[in-house]
Amino acid sequence: MTDPKQPTRTLHVAVDAMGGDHAPGVVLEGVEAALAANPALSVALVGDADVVEPFAASHARCQAVVSTEVIGMDEHPAEAVRRKKDSSVVVGCRLVKEGRAEGFFSAGSTGACLAAGTLVIGRVKGVLRPALVTVVPSPVRPIVLGDIGANADCKPEYLVQFAVMESIYANKVLGIARPRAALLNIGAESTKGSQFAQAAYRLMEEGLDNFAGNAEGGDILTATYDVVVTDGFTGNVCLKTIEGTAKVLLGAVKGVMGKSTLTKLGALPLVGPLKGLKAQISPDTYGGAPLLGLKGALLVGHGSSNAQAICSGVLATAKLVEEGVTETIADALSASEKR
């Protein structure tokens with residue numbers, strides 16, 4: 001009889017030990033926590049020999065993969081990927097391409113990860129452009145937003161594929177049975193927005209079974225829809241605005257609560273609930289943004305990731321692998337081409 005506590009398969013994930021503002025220390029902490037949290041996880045830790053080899057030697061289910069270069073945050077992404085073929089980002093993506101890993105996580109340069117993912121791992125057949133997506137941690141419930149920066153300039157047909165891929169992610173990773181997808185626009189009516197938005201609306205209405213119409217900016221944090229689709233320029237501005245607003249508001253609330261002895265006393269009953277709310281809306285909970293449409297899982301973490309965010313990112317990458325998101329995207333796009 002099979003032991004239900006034993007994993008049915010091993011999830012092979014490569015991790016960039018050198019990526020992020022606080023690497024390698026927080027990366028090692030995060031990987032250690034992820035290995036402890038998921039017994040099915042196996043990690044290929046990529047980076048400097050003096051970093052990855054001692055860690056792998058003292059941790060089961062972890063192997064060291066030595067790389068000799070690091071791509072800095074200030075380097076031109078595509079040029080650096082082509083020039084630094086032994087960088088931790090390129091080596092990690094190569095492990096996925098070669099089948100030695102099923103997914104790759106890095107908190108390094110987002111641009112370098114996107115370039116290496118596209119150039120090294122490669123796109124699923126039929127994918128016009130990979131989409132970088134994120135889970136917006138709304139106080140109501142999490143929603144999927146994308147593209148958030150991989151494609152600043154888009155064609156309307158790209159957004160149809162973004163919606164398909166994001167809906168699959170929402171279903172497989174967030175567990176939303178029938179995700180409702182909407183186009184981010186400046187009004188609810190189909191005639192609103194730019195010519196680009198109106199063309200995207202028509203294509204999405206024709207090509208998607210789960211299209212729910214236009215979403216306005218105010219519909220995002222209220223979680224009116226499960227999936228919100230837009231171009232990478234708009235999506236990135238939208239996401240940064242949400243993150244900045246949340247940071248300012250939480251700081252303002254903290255300032256008011258600590259203004260005087262009276263407000264401090266009055267705030268005591270709220271400390272627990274506010275900590276819960278902060279955790280609920282923290283991006284660290286989800287660990288990073290997946291680049292959907294590649295021939296393997298790739299998840300990019302925040303450069304400022306702490307150990308908790310690294311752990312979440314590694315586990316989220318394993319979840320992408322376990323749920324077969326890449327394969328489901330490939331099947332969905334193949335089926336749409338045959339219609």
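Student: Which residues of H4 are buried?
Tutor: This is a predicted model. Buried means under 20% relative accessible area. In H4 that picks out Ser88, Val89, Val90, Val91, Gly92, Cys93, Leu95 and Val96.

Student: Why is H4 described as largely enclosed by the rest of the structure?
Tutor: Compare the buried residues with the length of the helix. H4 has 10 residues, and it is largely enclosed because the buried ones number 8 of the 10.

Student: Which elements do the buried residues of H4 pack against?
Tutor: Both strands and helices take part. The strands are S1 (11-16), S2 (41-47), S3 (62-66) and S4 (103-106). The helices are H3 and H5 (110-121).

Student: Is serine 87 buried or exposed?
Tutor: First place the residue: serine 87 sits in the loop between helix H3 (77-83) and helix H4 (88-97). Away from its neighbours within four places in sequence, its contacts are Ser67, Glu69, Val70 and Ile71. Its relative accessibility is 0%, so serine 87 counts as buried.

Student: What phi does glycine 99 take?
Tutor: Look just after H4. Glycine 99 has a positive phi there, about 80 degrees.

Student: Arginine 61 is a residue other than glycine with a positive phi; what is phi near?
Tutor: Arginine 61 lies in the loop between helix H2 (49-57) and S3. Its relative accessibility is 36%, so it counts as partly exposed. Its phi is near 65 degrees.

Student: Is alanine 223 buried or exposed?
Tutor: Alanine 223 belongs to the loop between strand S8 (211-215) and strand S9 (227-229). It is not a glycine, yet its phi is positive, near 55 degrees. The relative accessible area is 3%, so alanine 223 is buried.

Student: The peptide bond from alanine 23 runs to proline 24; is it cis or trans?
Tutor: Proline 24 is in the loop between S1 and helix H1 (25-37). Omega for the bond is near 0 degrees, and the bond is cis.

Student: What is omega for the peptide bond that joins glycine 146 and aspartate 147?
Tutor: Aspartate 147 lies in the loop between strand S6 (143-146) and H6. The bond from glycine 146 is cis, with omega about -5 degrees.

Student: How are H6 and H7 described: oblique, parallel or perpendicular?
Tutor: Two packed helices are described by the angle and the distance between their axes. The axes of H6 (residues 156-172) and H7 (residues 195-207) come within 8 Å and cross at roughly 50 degrees. That angle makes H6, relative to H7, oblique.

Student: How many residues of the contact of H6 with H7 are nonpolar?
Tutor: H6 brings Pro156, Glu157, Leu159, Val160 and Ala163, while H7 brings Phe196, Ala199, Ala200, Leu203 and Met204. Of these, 1 is charged and none is polar, and the nonpolar count is 9.

Student: How far is the C-alpha atom of leucine 174 from that of valine 144?
Tutor: Leucine 174 is in the loop between H6 and strand S7 (181-184). Its relative accessibility is 24%, so it counts as partly exposed. Leucine 174 and valine 144 are 30 residues apart along the chain, and their C-alpha atoms are separated by 9.0 Å.

Student: What share of the residues of the protein chain count as buried?
Tutor: The chain has 12 helices and 11 strands. It has 339 residues, and the buried share is 49%.

Conventions
Residues numbered from 1 in each chain as written. Predicted model: local features only at pLDDT ≥ 70, side-chain atom pairs only at ≥ 80, totals over all residues. Heavy atoms only, no water. Axes fitted to C-alpha atoms, helices over the stretch in contact; angles between N-to-C directions. Helix = DSSP H or I, 4+ residues; strand = E, 2+ residues; numbered from the N terminus. Parallel < 35°, antiparallel > 145°, perpendicular 65-115°, else oblique. Contact = heavy atoms within 4.5 Å. Nonpolar A, V, L, I, M, F, W, Y, C, P; charged D, E, K, R; others polar. Buried < 20%, exposed > 50% of the residue type's maximum accessible area, 1.4 Å probe, protein only.
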